[in-house]
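Work through the exercises below with the structure open beside you. Try each task before reading its solution.

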Amino acid sequence: MTRYKYGFKDPENYVFRLTKGLSKEIVEEISWLKMEPEWMRKFRLNAYEIFLKKNLPSWGPDLSDLNFDDIVYYVKPSDRKSSSWEDVPEYIRNTFERLGIPEAERRLLAGLSAQYESEMVYHKLKESWKKKGVIFVDTDTAVKEYPELVREYIGTVVSPSDNKFSALNSAVWSGGSFIYIPEGVSVEIPLQAYFRINSQNMGQFERTLIIAEPGSYVHYIEGCTAPIYSTYSLHSAVVEVVVKKGARVRYTTIQNWSYNVYNLVTKRAVAYDEAIVEWIDGNLGSKVTMKYPSVYMRGKGSKAELLSIAYAGKGQFQDVGAKVLHLAPYTFSRITSKSISKDGGRNSYRGLVYVDPCATKSNVSLRCDTLLLDNQSRSDTYPIIKIENSNTSLSHEASVSKIDDEQLFYLESRGLPKDEASALIVRGFIEPISKELPFEYAVELNRLIRLQLRGDIG
Amino acid sequence: MGRGVILELKNLHTEVEQKEILKGVNLQLKRGRIYALMGPNGAGKSSLAYTIMGHPRFKVSRGEIIFNGENITNLTPSERAQRGIFLAFQYPIEISGITLFNFLRLIFNTRVDDRKSPMEFSKFLKSKLEVLDLNEKFISRYLNEGLSGGEKKKSEVLQMVIVNPELVILDEIDSGLDIDAMKIVSNTINNFFNEDKTILIITHYQRFLDYVKPDNIFVMFDGKILASGGYELIDLIEREGYETLEKRREHDEI
Ligand SMILES: Nc1ncnc2c1ncn2[C@@H]1O[C@H](COP(=O)(O)OP(=O)(O)OP(=O)(O)O)[C@@H](O)[C@H]1O
Ligand SMILES: [Mg+2]
């Protein structure tokens, strides 16, 4: 068998990178390197078969540049630190400096270091979570330590056959977060991927799984506003969230990958009776992002709130949106999408609202606002709304605006230089979303947008 | 500081899309004085205010603007603001998503070296709010968004007090104010005024001028300063209207 070919018997000390490209053997090898149980190996192999059969999405950005044979599908975590500070693009290093990010964090964000200074903080938190029965580990660890839980839920929300990228992720996934919140437990401090100390945090094919038992609450935060350098051109994550009766999960992502990255993500939550799901999604970086967080409202009276901000600068295409499926009565969804295009950047809002015949007395509201900062930039919206019963209420608003000259003059007349005045208008524009972010994230986001408008980045 | 000239407009001509709006304005404003600028609708009063502030739509085709001895004709609006010019807008602009509190702190910190934290600024702001009969709720609203006409004017005056400029142009600050608000606003302006400041009040009504007593009155007509004088000018306008004034001037009666 392939895995013995190189003479390595002990996977822990296996320092060989897999060769480029994908094959059944590579998938088996990944599973073997991770010393996974048989069921996971089968899960991967099955997904790989599906991946081969699926086509690329027929909508949205052009992905023809993606060459699946040119990608390394698994690199051992210990190998990932091999790049040096000098390899990190200058624009990212400059941004770190301007944002005043501490050295240790810069190295982490640059993918150079796996360690994060607040290890002590993390240990303390971990102890208190443990007492309550909360599990927060990387998904690889979860497969080893909580195999029954992982096996029960993985692939149930986002099946490998959902789309080509969910199949790919299911075949080669590595890293991501596994979170389990027992019944009735509220985790007051947001769980941050920051605190999960290992380099898999920023993996290429993350697999995140959150299970919120009845009446529980958790806020999970992934990523950060500072740019994250990645040498991988393809990132394809899958996020599955199960929110049981009366539970509430808030999931905040700020995506700011470097401009070489294709970021193709499948995120989905299932909400049972009276459950609440909140997706807060910021997309600032990457070359192309395709991401449509969705909520399947299966339980009576469940609620979905989706807030997103997308920023597309030069050479960027953010194809993002939201999907809500009302599959039970008295369900409620609210989608708010804000996008900003500058320097020829392109944003698309692509969304689906479906209200099933049985989802009577439901409530849907959808709002998409776009701000174009110049004439070369572009923004489109493709909302699909299907309401299959007659007593659901719908509100739908959309707007496209430019920075208003009179607003600019007003702010300038108060002593603000023009670039600060436009940054302030943009800040006001995204305020409905940024006010939902943890304070330090909102501050950082505003700072970053100010830098971006000044043209200091990229 | 002395009683010197703070602002001088020399033969100022402006155009908007090739249409001449200001047709040769000559004006001198001195430190420590309050002035009123009156004139019929469309005379060019707001245009003059915008031009002094540097609105990009009003292109200066001839003449110059001198502020504190410096030619500011080609400076940006924010550079003019930073030198101490402030314009309270006839129609204040709404900006969504930015609270008045945050905005006030921002413009304060932009103008003043002694930056204040939100807590410090909050304390500093308290007394200024009381004077204008405004409350905490008012400053937590978004900048001018959904405010009533009168509230917008108060927001302008509050910004003026925070920025503490040397030269203030108040473009119809009295319009939309009820009697009580007019007293409050004029009190605030009178308290703000001192011998180092200059205020130019654009208005249509004598009533406001009874509260904030100008030293001098200018009358504008068709893009030019038609007359300058004391209170007798107001009486004349109230009695006879602007058209007659213009005719009498043609016949050198005033
Ligand atoms: N953006 C513009 N485009 C074209 N014409 C303009 C523009 N702005 C002002 N004007 C014209 O310039 C002239 C002066 O207008 P301005 O607003 O300065 O008058 P005003 O004296 O302030 O009048 P009011 O008392 O009604 O406020 C008017 O004829 C107006 O139509
Ligand atoms: Mg006017």
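**Exercise 1.** Find how strand 8 of chain A and strand 10 of chain A pair, and over how many bridges. Then decide how enclosed strand 10 of chain A is.

Solution. The model is a predicted one.
Step 1: strand 8 (residues 248-255) of chain A runs parallel to strand 10 of chain A, and the two share 8 bridges. In this pairing, Thr253(A) faces Asp281(A) of strand 10.
Step 2: strand 10 of chain A also pairs with strand 13 (residues 303-312) of chain A, again in the parallel sense and over 8 bridges. Here Val277(A) is opposite Ala304(A) of strand 13.
Step 3: count the buried residues of strand 10 (residues 276-283) of chain A. They are 7 of the 8, so the strand is largely enclosed by the rest of the structure.
Step 4: Chain A has 11 helices and 19 strands, and 61% of its 458 residues count as buried. Of its contacts with a separation of 6 or more, 84% are between residues 24 or more positions apart.

**Exercise 2.** Where does Ser216(A) lie, and is Ser216(A) buried or exposed?

Solution. 
Step 1: locate Ser216(A) in the loop that joins strand 4 (207-212) to strand 5 (217-223) of chain A.
Step 2: read its relative accessible area, which is 2%. Buried means under 20%, so Ser216(A) is buried.
Step 3: list what it touches, leaving out residues up to four places away in sequence. The contacts of Ser216(A) are Ile181(A), Pro182(A), Gly184(A), Val185(A), Gly246(A), Ala247(A) and Arg248(A).

**Exercise 3.** Classify the ring pair of Phe121(B) and Phe124(B), and describe the setting of both residues.

Solution. 
Step 1: there are 20 aromatic pairs over all chains. In the pair of Phe121(B) and Phe124(B), the ring centres are 5.7 Å apart and the planes meet at 40 degrees, so the pair is tilted.
Step 2: both residues belong to helix 4 (residues 118-131) of chain B, where a spacing of 3 residues puts about one helical turn between Phe121(B) and Phe124(B).
Step 3: Phe121(B) is buried at 0% relative accessible area, whereas Phe124(B), at 24%, is partly exposed.
Step 4: look for a charge over a ring. The charged end of Lys116(B) sits over the ring of Phe124(B), 5.2 Å from the ring centre. In chain A, the charged end of Lys338(A) sits over the ring of Phe429(A), at 4.7 Å from its centre.
Step 5: look for a cluster. Trp129(A), Phe136(A), Tyr220(A), Tyr251(A) and Trp279(A) are linked into one by ring pairs.

**Exercise 4.** How many residues of each chain take part in the contact between chain B and chain A?

Solution. 
Step 1: chain B contributes 31 residues and chain A 16 residues.
Step 2: the two chains bury about 2,000 Å² between them, with 65% of it on carbon and sulfur atoms.
Step 3: Ile93(B), Ile95(B) and Ile98(B) supply 23% of the area that chain B buries against chain A, more than any other three residues.

Definitions and conventions:
Residues are numbered from 1 along each chain as its sequence is written. Chains are lettered from A and ligands numbered from 1 in the order in which they are written. This is a predicted model: local features need pLDDT of at least 70, side-chain atom pairs count only at pLDDT 80 or more; totals for chains, interfaces and linings use all residues. Side-chain values use heavy atoms; hydrogens and water are left out. Rings of Phe, Tyr and Trp (its six-membered ring) pair if their centres lie within 6.5 Å; planes under 30 degrees apart count as stacked, over 60 as edge-to-face and the rest as tilted. Helices (H or I, at least four residues) and strands (E, at least two) are DSSP runs, numbered from the N terminus. Buried means under 20% relative accessible area, exposed over 50%, partly exposed in between (1.4 Å probe, protein chains only). A charge sits over a ring if NZ of Lys or CZ of Arg is within 6 Å of the ring centre and within 35 degrees of the ring normal. Contact means heavy atoms within 4.5 Å. Two strands pair if DSSP finds at least two bridges between them. Buried area is the accessible area (1.4 Å probe) that two parts lose on being put together, summed over both.
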